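Please keep the sequence and the three-dimensional view at hand while reading.

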Amino acid sequence: MSRLLKIGPWLLLAVLIALPWIAPALGQDYYVGFVRRALIFMLAVAGLNFILGYGGMVALGQAGFIGVGAYTLVAMSDAGFTSAWAMWGAAAVVAGLVSAVVGLVSLRTRGAYFIMITLAFAQMIYYVSVSVNAYGGDDGYNLPQRPALGFGLDSAHDATLYWVVLAIVTILFVGLNRMTRSRFGHALVGTRDNETRMLALGYPVFAIQLVAFVIAGALAGLAGALLVTHNSFVSPSVINWTQSATMIVMVLLGGVGRRWGGPIGAGVWIALEELFRGYTEYWHWPLGALLIFLVFFAPRGIAALADVRTKRSFKVTP
């Protein structure tokens, strides 16, 4: 079992790399785009798990940063920019800057006040996006064409864009995983467990939390830009507070503070959502039933079910 858990991520990565060849051979081309969308949401949810699971910050406004990244790409596209790398990088930077401003205010509060302030900022971003008619307002905005990847890569080719997104998400997953195991990651967990003790030991608690909050915001912004590239469309609905709430549910489903909790939760939620939608328009109730089941039988999330090396992972006591 331990060996399987060790090689499991590599086997999954191999399958994901081969998917653009496997899916067409089975007549299932649709799933290349479906998995690409799932990977983008996994990235955003992994960032949320970083601050929620490791930092204890229950942020109900991450969808706002997704929107910041999405509309940054839209604004640059409308201004004549064509490079995907420049647009994606700018989306992450702008979202990071906005999250720094939000963090400077919201991190001075705790508990329910922190939740409500992050929600309030996200809703402000939502209403701004609705009111900007230059980018479609409530109707959304269609990209005239996907941003150019360069290096001989064609972003209009679904498989090529899929591999690029997979490479970006994989690199960032590895980086985020290393960060959680670094001194910074341990300090972040310390602030979650006992702020007073960390302050007494001389740790800059506020700065640690702010940096983590900015990292999560930047990842969400990048995810937003990738989502616009994927869909060639964006609307304010992606920023709505219900999207932020769904992301928290994804983290809970996968396992709060678990190394793969965010990606697993996002992947399972999106896959089940797609499955149930194919059978009934009332697909919300089976997912609700699943959450109730997990509360009773797997309160630490799906990732905890296979975690036999608890000493090498940070756990959140339910």
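On a 1 Å grid over the protein atoms alone, a cavity is a set of points where a 1.4 Å probe fits but cannot get out, and lining residues have an atom within 4 Å of a point. Grid points are joined across faces, edges and corners, and a volume is the space filled by probe spheres set on the points. A search of the whole structure on this basis finds three cavities of 30 Å³ or more. The model is predicted: local features need pLDDT of at least 70 and side-chain atom pairs count only at pLDDT 80 or more, whereas totals for chains, interfaces and linings use all residues. Residues are numbered from 1 along each chain as its sequence is written, and side-chain values use heavy atoms, with hydrogens and water left out.

**Cavities**

- Rolling a probe the size of a water molecule over the atoms shows where empty space is left.
- The largest cavity has a volume of about 140 Å³.
- Its lining includes Ala46, Asn49, Phe50 and Tyr54, as well as Arg258, Arg259 and Trp260.
- Helix 2 and helix 6 (158-180) are the elements that give two or more residues to this lining; helices (H or I, at least four residues) and strands (E, at least two) are DSSP runs, numbered from the N terminus.
- The lining of the largest cavity divides into seven nonpolar, three polar and two charged residues, where Ala, Val, Leu, Ile, Met, Phe, Trp, Tyr, Cys and Pro count as nonpolar, Asp, Glu, Lys and Arg as charged, and the others, Gly among them, as polar.

**Nonpolar core**

- A nonpolar core is a set of buried Ala, Val, Leu, Ile, Met, Phe, Trp, Tyr and Cys residues joined through side-chain atoms within 4.5 Å; buried means under 20% relative accessible area, exposed over 50%, and partly exposed in between (1.4 Å probe, protein chains only).
- The largest such core has 90 residues, and those with the most contacts inside it are Leu39, Ile51, Trp88 and Phe213.
- Helix 2 (residues 30-54) supplies the largest share of this core, 17 residues.
- Leaving aside neighbours within four places in sequence, the contacts of phenylalanine 213 include Ile51, Met57, Phe65 and Phe114; contact means heavy atoms within 4.5 Å.

- Alanine 91 lies in helix 4 (residues 84-106) and counts as buried because its relative accessibility is 0%.
- Not counting residues up to four places away in sequence, alanine 91 touches Gly69, Thr72, Gly221 and Ala225.
- Isoleucine 125 belongs to helix 5 (residues 112-131) and is buried, with a relative accessible area of 19%.
- Apart from neighbours within four places in sequence, isoleucine 125 is in contact with Gly64, Val68, Val98 and Ile239.

**Helix crossing**

- The axes of helix 3 (residues 62-78) and helix 10 (residues 241-254) come within 7 Å and cross at roughly 115°; axes are lines fitted to C-alpha atoms, for helices over the stretch in contact, and angles run from 0 to 180 degrees between N-to-C directions.
- Helix 3 contributes Gln62, Ala63, Gly64 and Ile66 to the contact, and helix 10 contributes Gln243, Ser244 and Met247.
- By class, this contact has three nonpolar, four polar and no charged residues.

**Positive phi values in loops**

- Most residues other than glycine have a negative phi.
- Phenylalanine 151, not a glycine, has a positive phi of about 55°; phenylalanine 151 lies in the loop between strand 1 (141-142) and helix 6.
- Phenylalanine 151 counts as exposed because its relative accessibility is 74%.

Technical notes:
On a 1 Å grid over the protein atoms alone, a cavity is a set of points where a 1.4 Å probe fits but cannot get out, and a pocket is an open set with protein on both sides within 12 Å along at least five of seven lines; lining residues have an atom within 4 Å of a point.
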